[in-house]
Amino acid sequence: MNKGTSMKIHIKGGRIVDPVSGMDEERDILVVNGIIERISSRPSVDGSYQTVDMKGNIIVPGLLDMHVHLREPGYEHKETIETGCESAREGGFTAVCCMPNTNPAIDDESVARYVRQKGQQVCDGIVEVYPIAAATKGRLGEELSPMAELAGAGAVGYSDDGSPIASAEIMRRVLEYSSMFGIPVIQHAEEPTMTMGGCINEGFVSTKSGLPGIPPVAEELMVARDLILLRYIPAAKYHVAHISTASAIELVRRAKADGLQATAEATPHHFTLTDDVTASFDTNTKMNPPLRTADDVEAVRQALKDGTIDAIATDHAPHTIDEKEVEYIEAPFGIVGLETAIGLTMTELVETGLLALDEAIAKLSTNPRRIVGLPAIKFTQGEPANMTFIDPRAKWTVDVQRFKSKSKNSPFHGRVLTGKAIGVLNNGKMYIAGV
Amino acid sequence: MKLSGRHLLGLENMSRDELDLILETAVSFKEVLERPIKKVPPLQGKTIANLFFESSTRTRISFELAERRLSADVISFSQSGSSVSKGETLKDTARNIEAMKIDMVVVRHASAGAAHFLSRVVDANIINAGDGAHEHPTQGLLDMFTLREKHGSLENLRVCVVGDILHSRVARSNIYGLQTMGAKVSVCGPATLIPREIERMGVAVYHRLEDVIPEVDALNVLRVQLERQKRGLFPSLREYHRYFGVTKEKVQKASRPLTIMHPGPINRDVELSADLADSEHSVILQQVTNGVAVRMAVLYLLGTV
């Protein structure tokens, strides 16, 4: 369902859960031309409004996935900005931040503009695409990217994601230069000299299977180094992408306590799965950082609870079936995540009682928006209507064939989840999922 | 009794009964190998493809011989380097060969999990002839067979695997198989070549041969690869030989004569001294003979269901 431009919508009977205002009430929302006209209990509505019944569903601020790979330009066989946005929309996201490991990389304002504009053209512009620009030219870790120009072209973060910013000298300069714009540096934290050739977490499971290991200390070392640099350059903002180890989490916890501008995100797979699943040699269990041990999963969950981890981001990383159906060592890292994020968050974190619903929503919307400097979404009269509709009780079975993403590489195929996005409303457009 | 699976991917999940069945079956095939006419008919009409994506003269010849002695039709294919770099995927290669109506596939590959992968994408019985650092089940079986032949039983037998445990599929298959049969397995090697948390597999870890030699009945000495030196895992072959090389002098400290095994090919006077390799305590050539019998047993049990 995709309603035309000029529209009046009466969203009826949903429960608004807004982590910003603390609102958690059943209210009707009237939206006119993309702006919230009124929020009230029983508004009198004339026939010009289209009524959408949200009874039993929850309405939350539009979700932002601050870590996705849209693959365009360069790898359109895996995903395009269009299919990536369709996947995001289906999964309940009204915005995504896309990583710069495209070809060419987003290390130049023309590429950043292209990505942003393409995002506005697809899916009726319902999903906003915010590029994360490369921190260094070509993501090679050698020279600074034109950060000011990239910020001007809409970049909301700097990262060489897929690779770490390995050189301490370059990282120092990246932190210093980026601090002028208040834009975060997002580090793929991995000490690369220790991880060459590795493909699963180094530990008991890699010892048993003989698959080359990625030592957890490689993540801890890089986070430790970066936080030491951040202490030296406290004006910078530093964000750890897809944090996965208990030890690195502890470092972030201490840095936050010391008042450093450090934030972190975790993926649904890192709070759900352990490296035990890699024993199947199923290449959909291969991602970087790798799945870790049960102790690490527990540390991720506790850090989500205590706020050390600010955001849930999927690291949506599409790869084709042919690319993934190879020997484990040869397979590319990564899984798709946009369409399972809400289900996994609700099932693993909310249903289990670890997070309150509004805390979980903050990790998927409010916090990542704050980290990348986007304004908070407000459920207030006169504000742009940007919201996600979730059926919190929907029990569904993940079927990769139904994914809107071009790629189907998910280890969650066949898993039963509770909680599903049923639609989004943003930029004056409404979308109901699965129709 | 039969094996529970259609494939032999590793020893990790095999039961004691299954391992016993293979070893007992191998005893009868070893008798066949002593006869003037060494050929028997059970796999007549079956076609077996040996896919060796990693060079291995010894294992391939052993499999081919086992297959021919069971009267199977045999084709062999060798190609080193990753299949990806050659432009055709492993899956395509396997499916193409299967399209020629192959009943069983023996596969050797540099990537751990390659045999598991093949078992998912083709219908033939898969026999793992070594996948990366994961498993080499027929080597594990022939080591067990040889030890059993020499010592009568594996129950409580003390076996130490010496060398590069980190990269060794032989070590893993030895640990899995021998432990299931009631043996006590330890490992000894430089700290850089012992994988993390291996103690959790129930093996004792030693870094000095002098410490482990008085405690065991047999040493399984692994081949050391020079390329590990380049990757910073040990300083030199000379130092390796001095501290981890198994020599006559060092094994004299044993409480009783030690059985010496080696999966071959030996770097003489590096991991194993030449005089010891050729001594009466060495069962290295028996291992080679037993390898054919054990592989016949595996092929027979999987191929005649």
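How many helices and strands does chain A have? Chain A has 13 helices and 18 strands, where helices (H or I, at least four residues) and strands (E, at least two) are DSSP runs numbered from the N terminus.

Before continuing, I note that this is a predicted model, in which local features need pLDDT of at least 70, side-chain atom pairs count only at pLDDT 80 or more, and totals for chains, interfaces and linings use all residues. Residues are numbered from 1 along each chain as its sequence is written, while chains are lettered from A and ligands numbered from 1 in the order in which they are written.

The C-alpha atoms of chain A fill a box of roughly 65 × 45 × 40 Å along the principal axes. Of its 435 residues, 58% count as buried, that is, with 20 or more other C-beta atoms, placed from the backbone, within 10 Å of their own.

Let me turn to chain B. Here an open sheet of four strands has the order β2-β1-β3-β4, with parallel pairing; two strands pair if DSSP finds at least two bridges between them. Its edge strands are β2 (73-78) and β4 (125-131) of chain B, each pairing on one side only. Strand β1 (residues 47-52) of chain B is joined to β2(B) by six bridges, and B:T47 stands opposite B:D73 in β2(B).

Finally, the interface. In total, 15 residues of chain A are in contact with 23 residues of chain B, contact meaning that C-beta atoms, placed from the backbone, lie within 7 Å.

Technical notes: Contact = placed C-beta atoms within 7 Å. Buried ≥ 20, exposed ≤ 12 C-beta atoms within 10 Å, placed from the backbone.
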